[in-house]
Amino acid sequence: MTPAPSTSTTAGEPSIAAVVVTFNRKVLLVECLRALLAQTRPLQRILVVDNASTDGTRALAEDICQGDARWRYLRFSRDFGVETSMLAGLRASRGDATVVLFSDLQDPPELIGTMSLADFFCFLCNQKRPFNRFQNTRS
């Protein structure tokens, strides 16, 4: 799988990152990452968080990450569980907003393109700085 060329945001547009949590789902991970590349909203960072898979996920993810600077791979030494994986992915995210997906495609990546910024803010957001239309009261 060849990653698409890097895209940057236009001035004032928030950057969107995706965190993909996986454990022993190499085949589904390929489908998930292809769907992320095919969806309509440009992603500035895609982070694969691997819970110590033993099915070849590591080699696949490392190969993908070598071809595109937007891609990152984080691997745990053992299975710490989905919650820890999500938290690690959100902490490592560099986007204004971050969407968390699971590699089993339970949440279709193509829906990212249909989400408004309010959707990211209210439900799937890792807000690090305010969007123009939202007030950030955190310091």
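Author: Cys65 is buried, with a relative accessible area of 18%, where buried means under 20%, exposed means over 50% and partly exposed lies in between, for a 1.4 Å probe and protein chains only. Cys32 is likewise counted as buried, at 0% relative accessibility. The number of disulfides is 0, a disulfide being a pair of cysteine sulfur atoms within 2.5 Å.

This is a predicted model, in which local features need pLDDT of at least 70 and side-chain atom pairs count only at pLDDT 80 or more, while totals for chains, interfaces and linings use all residues. Residues are numbered from 1 along each chain as its sequence is written, and side-chain values use heavy atoms, with hydrogens and water left out.

Of the 139 residues of the protein, 45% count as buried. The protein has 4 helices and 4 strands, and from the N terminus on they run β-α-β-α-β-α-β-α. Helices (H or I, at least four residues) and strands (E, at least two) are DSSP runs, numbered from the N terminus. Among contacts with a separation of 6 or more, 78% join residues 24 or more positions apart; a contact means heavy atoms within 4.5 Å.

Two strands are taken as paired if DSSP finds at least two bridges between them. Strands of a sheet pair through backbone hydrogen bonds, either parallel or antiparallel.

β1 and β2 run parallel and are joined by 6 bridges. Ala18 stands opposite Ile46 in β2, and Thr22 has Asp50 of β2 as its bridge partner. β2 itself is mostly covered, with 6 of its 6 residues buried. Both of its faces are involved: Arg45, Leu47 and Val49 are buried on one side, and Ile46, Val48 and Asp50 on the other.

The buried residues of α1 are Leu29, Val30, Cys32, Leu33, Ala35 and Leu36. An α-helix has 3.6 residues a turn, so residues three or four places apart point the same way. The cover over the buried residues of α1 includes β1 (16-22), β2 (45-50), α2 (57-66), β3 (71-75) and β4 (97-102). As for its length, α1 comprises 13 residues (26-38) and should span 18 Å at 1.5 Å a residue; its end C-alpha atoms are 18 Å apart, which agrees. The expected span is 1.5 Å times one less than the number of residues.

Glu110, in the loop between β4 and α4, is in contact with Ala35 and Gln39, its neighbours within four places in sequence being left aside. The C-alpha atoms of Glu110 and Arg41 are separated by 8.7 Å, although these residues are 69 residues apart along the chain. Glu110 is partly exposed, with a relative accessible area of 47%.

Leu105 belongs to that loop between β4 and α4 (117-123) as well. Its phi is positive, about 65°, although Leu105 is not a glycine, and its relative accessible area of 25% makes it partly exposed. Asn24, in the loop between β1 and α1, also has a positive phi, near 50°, and counts as partly exposed at 29% relative accessibility. Most residues other than glycine have a negative phi.

There remains 1 aromatic pair. The ring centres of Phe76 and Phe80 are 5.3 Å apart and the planes stand at 65°, so the pair is edge-to-face. The rings of Phe, Tyr and Trp (its six-membered ring) pair if their centres lie within 6.5 Å, and planes under 30 degrees apart count as stacked, over 60 as edge-to-face and the rest as tilted. Phe76 is buried, at 14% relative accessible area, whereas Phe80 is partly exposed, at 35%.
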